[in-house]
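Keep the structure open and follow along.

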Amino acid sequence: MASKTMDLGNGPVGRLVAKLAAPAVVAQVINLLYNLVDRMYVGGIPKTGTDALAGLGVALPVTLILSAFSNLVGMGGAPLASIFLGENKRDEAERVFNNGFVLLLIFGVALTAVILSAGDPILKLFGAPDSSFEYASDYLFIYGAGTLFVMISLGLNPFITAQGFSFTSMATVAIGAVLNIGLDPLFIFALNMGVKGAALATIISQGVSAAWVIIFFSGKKTRFRFRKEFFRISTKTAGRILILGLSPFIMSVTESAIQIVFNVNLKHYSGNDSDYTAALTIMLSANQMVCMPLNGLGTGVQPLVSYNYGAGNSARIKKAVKIVSIVALCVSTTVWLISLLVPQIYGYMFSASPSVMELIKKYTPYFMMGTIFFFAQMTLQNVFVALNQAKISIFLACLRKVILLIPLCFILPLFAGSAGVYYSEGIADIIAGITTATTFFVMSPRILKKREQQIALEHSYNKNAA
């Protein structure tokens with residue numbers, strides 16, 4: 001038993017996928033609201049909305065980097081802990097959890113110092129338009145002060161999911177998001193704080209989520225507890241966490257990197273026009289609307305996949321992957337059709353000005369044309385992590401952004417100007433998605449067969465030793 005509520009080794013696969021993945025998807029959607037609600041409200045600020053929205057778009061890559069470090073620990077440690085649970089090695093699972101907690105504290109303190117001391121130079125380097133720089137600076141400074149809250153809430157939450165407590169994990173995000181939705185209009189409009197109010201609402205909400213997580217791991221239900229004897233960092237354990245977490249870390253960091261490249265190139269080719277940055281911010285938000293739910297689908301099913309990988313049960317893994325692949329394909333196809341047929345819907349969501357709306361209608365179909373392949377890029381890549389295949393997952397994480405998108409974002413504008421920035425996203429998504437799907441369906445049978453052989457050898461050895 002992986003928990004008191006879910007039998008990951010023997011329970012019906014379809015039902016387990018629903019119980020694990022549905023709350024994880026909802027949690028990702030709710031988590032998305034943290035940033036989307038800020039942008040929606042900020043875009044509606046009278047007179048300065050477009051510049052303020054562009055400012056948040058420039059600050060967003062920095063906030064993604066902060067989240068990347070929480071993913072490095074949480075997304076690397078949680079699957080590893082699940083594998084140990086599947087192998088009935090509870091002490092090793094708890095060592096992973098406690099080492100992960102200490103790593104999150106170290107990263108949190110270090111990143112807070114960097115943001116508070118060097119936030120403005122970073123924003124200038126990242127391509128902030130002159131008219132939106134002040135808004136980006138105000139938002140980032142306040143957000144940076146709450147970095148430790150982000151580390152704890154996002155970094156420890158996967159360890160809740162890893163035990164099968166998917167609804168508790170969803171509540172971690174829901175509590176903060178609901179609070180953020182309520183505080184945003186109060187701080188932004190009622191108290192007339194503008195983007196400062198948006199940032200303050202976000203860090204207060206993250207702080208409440210962090211407190212919720214700490215309370216959970218101090219309670220009776222959890223199988224992972226804070227144990228002082230495991231607070232001392234083990235080089236071997238920390239190394240395994242960071243290696244396995246490198247793929248989701250790279251995905252987050254490269255997401256940040258490409259947005260920086262987008263902003264810098266748009267500033268250059270548009271003549272410092274904040275309309276292009278605001279339009280990009282909206283398109284990236286639309287992109288996240290499909291990325292994050294599919295990422296939730298992949299991370300949600302990780303405990304089931306990791307547990308059965310540890311136990312050597314390939315049949316259950318194959319069934320789970322089949323279910324999530326079909327669901328992910330349906331979701332990505334739906335968003336793809338909306339983006340091609342009615343792209344202006346995204347402009348209405350963020351109160352786009354007429355000039356920004358024209359850019360959205362013109363370029364969103366190109367920007368989003370590869371989203372149909374996100375079922376593989378977002379979901380199946382997370383399954384590779386659950387299967388303890390760090391090298392493959394790292395390569396696929398690098399492929400879309402580092403190998404394809406960033407070079408295209410520099411090359412295409414040489415021929416197509418600002419439009420080339422928008423074209424690069426769709427082209428990279430198509431190539432990366434096809435590559436990820438092909439790699440998974442070729443490599444996964446070999447990975448599962450090898451694991452079955454390892455389990456058979458272990459059983460044979462133990463039998464002979466007895």
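How much space lies in the largest pocket? About 250 Å³. A pocket here is found on a 1 Å grid over the protein atoms alone: it is an open set of points where a 1.4 Å probe fits, with protein on both sides within 12 Å along at least five of seven lines, and its lining residues have an atom within 4 Å of a point. The volume is the space filled by probe spheres set on the points, which are joined across faces, edges and corners. Lining this pocket are 13 residues, and the closest to its centre are Y309, N388, Q389, R451 and Q454. Two elements, α2 (49-86) and α17 (418-465), each give two or more residues to the lining, and α17 gives the most, with five. (Helices are DSSP runs of H or I with at least four residues, numbered from the N terminus.)

Before going on, a quick word on what you're looking at: this is a predicted model, where local features need pLDDT of at least 70 and side-chain atom pairs count only at pLDDT 80 or more, while totals for chains, interfaces and linings use all residues. Residues are numbered from 1 along each chain as its sequence is written, and side-chain values use heavy atoms, with hydrogens and water left out.

What is the lining of the largest pocket made of, by class? Six of its residues are charged, four are nonpolar and three are polar. In this scheme Ala, Val, Leu, Ile, Met, Phe, Trp, Tyr, Cys and Pro are nonpolar, Asp, Glu, Lys and Arg are charged, and the others, Gly among them, are polar.

Now find N388 again, one of the residues closest to that pocket's centre. N388 sits in the loop between α14 (374-386) and α15 (390-411). Its phi is positive, near 65°, though N388 isn't a glycine. Most residues other than glycine have a negative phi. N388 counts as partly exposed because its relative accessible area is 32%; buried means under 20%, exposed over 50%, and partly exposed in between (1.4 Å probe, protein chains only).

On to the second largest pocket, with a volume of about 190 Å³. Its lining has 14 residues, with I45, Y135, M193, G194 and V195 nearest the centre. By class, eight are nonpolar, three polar and three charged. At least two residues come from each of α4 (133-145), α6 (166-190) and α7 (195-217), and α4 gives the most, with three.

In the loop between α6 and α7 you'll find N192. N192 also has a positive phi, about 60°, without being a glycine. Is N192 buried or exposed? It's exposed, because its relative accessibility is 67%.

Next, look at the surface. L337, I338, L340, L341, V342, I345 and M349 form a nonpolar patch with about 550 Å² of accessible area together. The largest share, four residues, comes from α11.

Finally, go to T299 in helix α9 (residues 274-300). T299 is buried because its relative accessible area is 11%. How far apart are T299 and M75? They are 224 residues apart in sequence, and 8.1 Å apart in space, C-alpha to C-alpha.

Definitions and conventions
Patch = residues over 30% accessible without salt bridge, like charges linked within 9 Å, V, L, I, M, F, W, Y side chains within 5 Å. Areas by Shrake-Rupley, 256 points an atom, 1.4 Å probe, with all protein chains shown as cover. Salt bridge = Lys/Arg side-chain N within 4 Å of Asp/Glu carboxyl O.
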